[in-house]
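Please open the model in your viewer and keep the sequence panel beside it.

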Amino acid sequence: MNMVIEAVNGIKIPQLGFGVYKIKKGEQFERAIREAIRAGYRHFDTAKIYGNEEALGLEIQKSGIPREQFFITSKVWTTDLGYKATKIAFEQTCKKLNVVYLDMYLIHFAGPHYVEAWKAMEELYSEGKIKVIGVANFEINHLEFLMKQSSISPMINQIETHPEFPQNDLHDYLIQHRISHEAWGPLGQGNKALLERPELVEIAHHHKKSTAQVILRWHLQRGIIVIPKSSNPKRIKENSEIFDFELTVEETEKINQLNTGKRYSVKPTGYMVNP
Ligand code: NAD
């Protein structure tokens, strides 16, 4: 079972997806994707820079499940930003994934020439080659700058989000502008200190769930799309079992209090602090 978030253009995005960053290549990768598909995940998040688009495409094909039943996201890397370069990068990504369209394509970081890259994405969207176009790691100033110069606004922003770093201001801004919020690092990248917080342990105990499941549920109830990553079959299944319980308002409030402002992301070379 899954829940969906409707993008501003009506496209339905499965609210739980599976992130494939840093899953070891080879047998471990193949097994992780197989297990994820078996557990019911159909939404997969990759990127050119992860170097596993080809392997993901192969596993999807091997599953025998029609491509239309999957929701596949990839991202254009900073060195491919630009009108022509982004079009080429998109074609290469589709080729590697062995698909003719992408469900979602994101600008990975606000690097130089992201406005020109966006023009290319707008065209690919209009041609039906991408169902949802968006960005990742954009701050409010980047979004404002981009929206002023584009005819189609970003439909989604994929940003680091977890209880210690809930992105409250950016979250409110996204809601206000009808931009879907997707969390990367939804489990704080598996940080033990977070997963073992006594407040989370208590809530998890009450629902007979794990703290990871409680955190993912907290995201769902905020209306956020999550793409947890794991290569452990038990955890892959565990992370999918988050639709059969609900956090109370008090529990949600307790989790909201875990905000420490601590983020894990490091801005890559070329990241534009100002638009
Ligand atoms: P995450 O929060 O999903 O944490 C993953 C780690 O949490 C795993 O490696 C594992 O150690 C642990 N974990 C997973 N399930 C668990 C469970 N049930 N119990 C205990 N521990 C568990 O962090 P992430 O992998 O960085 O983010 C998820 C996905 O987001 C990535 O795979 C990638 O697709 C995407 N991402 C995007 C960006 C971006 O810049 N757009 C950056 C990082 C990640």
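Helices (H or I, at least four residues) and strands (E, at least two) are taken here as DSSP runs, numbered from the N terminus. The model is a predicted one, in which local features need pLDDT of at least 70 and side-chain atom pairs count only at pLDDT 80 or more, while totals for chains, interfaces and linings use all residues. Residues are numbered from 1 along each chain as its sequence is written.

Begin by selecting residues 16–259, where the unreviewed UniProt entry places the feature "domain: NADP-dependent oxidoreductase"; UniProt positions are given in the numbering used here, feature names are shortened, and annotations may be inferred rather than shown by experiment. The span is 45% helix and 15% strand, and its end C-alpha atoms lie 22 Å apart.

Next, display the whole chain, whose secondary structure comes to 11 helices and 10 strands. Its C-alpha trace spans about 55 × 40 × 35 Å along the principal axes. Of the 275 residues, 44% count as buried, a residue being buried if 20 or more other C-beta atoms lie within 10 Å of its own, exposed if 12 or fewer, and partly exposed in between, with C-beta atoms placed from the backbone.

Now colour the strands, and look for an open sheet of 8 strands in the order 3-4-5-6-7-8-9-10, with parallel pairing; two strands pair if DSSP finds at least two bridges between them. Strand 3 (18–19) and strand 10 stand at the edges with a single partner strand each, so one side of each is left without a neighbour in the sheet.

Within this sheet, select strand 5 (residues 71–76), which is joined to strand 6 by 4 bridges and runs parallel to it; here T73 stands opposite M104 in strand 6. Strand 6 (residues 102–107) in turn pairs with strand 7 in the parallel sense over 5 bridges, and L106 has G134 of strand 7 as its bridge partner. The chain passes from strand 6 through helix 4 (residues 114–126) to strand 7 in a right-handed β-α-β crossover, a term used if, with the strands pointing away from the viewer, the path from the first strand over the helix to the second runs clockwise.

Move on to strand 7 (residues 130–136), which is mostly covered, with 7 of its 7 residues buried. Strand 7 runs parallel to strand 8 (residues 156–160), and 2 bridges join them; the bridge partner of V135 in strand 8 is N157. Helix 5 (residues 140–148) carries the chain from strand 7 to strand 8, again in a right-handed β-α-β crossover.

Which residues cover the two faces of strand 9? Select S180, E182 and W184 on one side and H181 and A183 on the other, all of which are buried. Since 5 of the 5 residues of strand 9 (residues 180–184) are buried, the strand is largely enclosed by the rest of the structure. Strand 9 runs parallel to strand 8 with 5 bridges joining them, and E182 is the bridge partner of Q158. E182 also stands opposite I225 in strand 10.

Finish at the ligand, selecting G19, Y21, L187, G190 and K229, which come nearest among the 25 residues around it; a residue is near a molecule if its C-beta atom, placed from the backbone, lies within 6 Å of it. Helix 10 (residues 233–240) gives the most to this shell, with 3 residues.
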